[in-house]
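Welcome, and please open the structure in your viewer. We will go from stop to stop, selecting a few residues each time and looking at what is there.

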Amino acid sequence: MASKTTLPVLDTRALNRATLARQLLLTRAEMSAQDATEHLLGLQAQNVKPPYFQLHARLAGFGPAELAGLMESRQVVRMVTMRSTIHTHTVHDALTLRPLVQPARDREINYFRKGLVGVDLDRLAERAREFVEAEPRTMAEIREELLKEWPGADPQSLSVAARCRLPLVQVTPRGVWGKSGQVRLTTLSEWVGGAEGGGLGGEASGIDDAVLRYLGAFGPASVKDMQTWAGLTRLREAFERLRPVLEVFQDENGVELFDLPDGPRPDAEQPAPPRFLPEFDNLLLSHADRSRVIPPELKGSSWTGNQAHCTLLLDGFLAGLWKMDGGKEGGKDGGTLTVELFSAVSKAGKAEIVAEGEALLAEMGDGAGEVRFGSIRA
């Protein structure tokens with residue numbers, strides 16, 4: 001929404017540095033993995049390893065065992081929330097953010113109505129709940145169970161409806177670093193032994209709190225930016241309620257941006273060190289206008305077809321891709337980190353990339369290894 005009044009302008013570099021500061025990417029934070037996961041409102045977790053790499057890029061002294069321990073002690077969980085994608089959340093956020101996005105999950109079921117003719121969705125949710133709370137189940141097992149009552153329904157539609165209607169979490173060992181396990185699901189309340197929240201999606205105070213927390217992690221931002229992050233619509237009313245307590249700016253296109261009064265807005269020329277981010281990092285997915293991190297000429301460059309690549313930030317902006325190969329987790333043999341740059345980088349800049357890459361190999365790979373420059377999309 002373009003501003004109709006004269007507001008202070010934040011250019012692209014100013015937005016970049018402000019967002020990097022909120023995202024703990026200007027300087028690694030002295031913060032626990034649990035506190036960082038909460039501050040960031042969750043970690044994108046479509047795959048198992050990305051949450052660990054997200055924290056490594058952001059926290060001083062982080063090791064995979066810290067987040068793995070939180071997973072095993074059930075202090076953080078993996079579940080579908082924003083944008084209908086899997087996130088790793090603290091239990092508190094699982095209890096509060098899932099109700100926030102529940103209206104979107106309810107609308108998602110409408111895309112599958114043709115496969116759900118004659119299906120009572122309340123009865124489906126009740127039956128699925130009983131089934132997964134008896135013991136964690138695979139999605140295939142959930143489909144087979146629901147087909148017993150609705151044999152004429154579309155199997156995929158039945159499982160989608162169960163996933164949308166219920167706050168299902170992926171139980172460990174799935175999601176634990178160094179371990180493997182099939183995706184098995186149970187309800188949030190069964191897994192953590194508490195209530196599943198409720199009502200937040202319709203409570204102004206809860207929505208307002210989510211707006212403030214979003215700005216704390218991703219601001220300054222527009223209404224459309226937050227709607228993109230959450231996969232929701234109609235959030236302007238919440239921003240308007242909060243307008244008296246927020247700072248208001250505009251970007252170079254005149255789009256109105258909101259921010260916390262005490263939100264960090266560093267100098268646009270503050271140095272931003274190289275950072276290796278995993279695929280699906282929320283930094284690249286949580287704004288309608290992603291030019292604050294992705295130069296317009298590189299839009300879409302972090303994808304090949306439906307495959308998302310791991311990304312490299314230089315000077316705070318997307319500048320390349322990377323992949324790590326070799327060895328096994330916990331092994332003694334080093335691996336190889338291949339970096340593909342989108343444009344030429346100075347000798348000093350390459351040295352910084354190598355130093356950051358070697359630290360990544362040592363702390364998240366298989367020990368000391370090699371950083372090399374080349375193509376990963378060949």
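**First stop: the largest pocket**

Sorted by class, the lining of the largest pocket has twelve nonpolar, six polar and five charged residues. Here Ala, Val, Leu, Ile, Met, Phe, Trp, Tyr, Cys and Pro count as nonpolar, Asp, Glu, Lys and Arg as charged, and the others, Gly among them, as polar. Before going on, note that this is a predicted model, in which local features need pLDDT of at least 70 and side-chain atom pairs count only at pLDDT 80 or more, while totals for chains, interfaces and linings use all residues. Residues are numbered from 1 along each chain as its sequence is written, and side-chain values use heavy atoms, with hydrogens and water left out.

Select Leu284, Arg290, Ile294, Lys299 and Gly300: of the 23 residues that line the largest pocket, these lie nearest its centre. The space in this pocket comes to about 360 Å³. A pocket is an open set of points on a 1 Å grid over the protein atoms alone, where a 1.4 Å probe fits, with protein on both sides within 12 Å along at least five of seven lines; lining residues have an atom within 4 Å of a point. Grid points are joined across faces, edges and corners, and the volume is the space filled by probe spheres set on the points.

**Second stop: a five-stranded sheet**

Next, colour the open sheet whose five strands come in the order E8-E11-E12-E13-E14, with mixed pairing. Strand E8 (275–277) and strand E14 (370–373) are at the edges with a single partner strand each, so one side of each has no neighbour in the sheet. On average, neighbouring strands of this sheet are turned by 30° against each other, direction ignored. Strands (E, at least two residues) and helices (H or I, at least four) are DSSP runs, numbered from the N terminus, and two strands pair if DSSP finds at least two bridges between them.

Zoom in on strand E12 (residues 317–325) and strand E13 (residues 336–341), an antiparallel pair with six bridges. Which residue in E13 is the bridge partner of Lys323? Select Thr338 to see that partner.

Contact means heavy atoms within 4.5 Å.

Is strand E3 (residues 86–90) enclosed or open? Five of its five residues are buried, so E3 is largely enclosed by the rest of the structure. Buried means under 20% relative accessible area, exposed over 50%, and partly exposed in between (1.4 Å probe, protein chains only). Ile86, Thr88 and Thr90 point one way from E3, while His87 and His89 point the other way.

Strand E2 (residues 76–80) pairs with E3 in the antiparallel sense over five bridges, and Met79 is opposite His87. Strand E1 (residues 43–44) is also antiparallel to E3, with two bridges; there Gln44 has His87 as its bridge partner. In the hairpin of E2 and E3, with five residues between the strands, look for Arg83 and its positive phi near 55°.

Strand E6 (residues 247–250) and strand E7 run antiparallel, joined by four bridges. Val248 is opposite Phe258 in E7. Both faces of E7 (residues 256–259) are covered, with Glu256 and Phe258 buried on one side and Leu257 and Asp259 on the other. Five residues lie between the strands of this hairpin, where Gly254 has a positive phi near 85°.

In helix H7 (residues 139–149), select the buried residues Ile142, Glu145, Leu146 and Leu147. Their cover includes helix H6 (121–134), helix H8 (155–165) and strand E5 (185–187).

Finish with two cis peptide bonds: one joins Thr172 and Pro173, with omega about 15°, and another joins Gly219 and Pro220, with omega about -10°. Pro173 is in the loop between strand E4 (168–170) and E5, and Pro220 in the loop between helix H10 (204–218) and helix H11 (223–230).

Technical notes:
Axes are lines fitted to C-alpha atoms, for helices over the stretch in contact, and angles run from 0 to 180 degrees between N-to-C directions.
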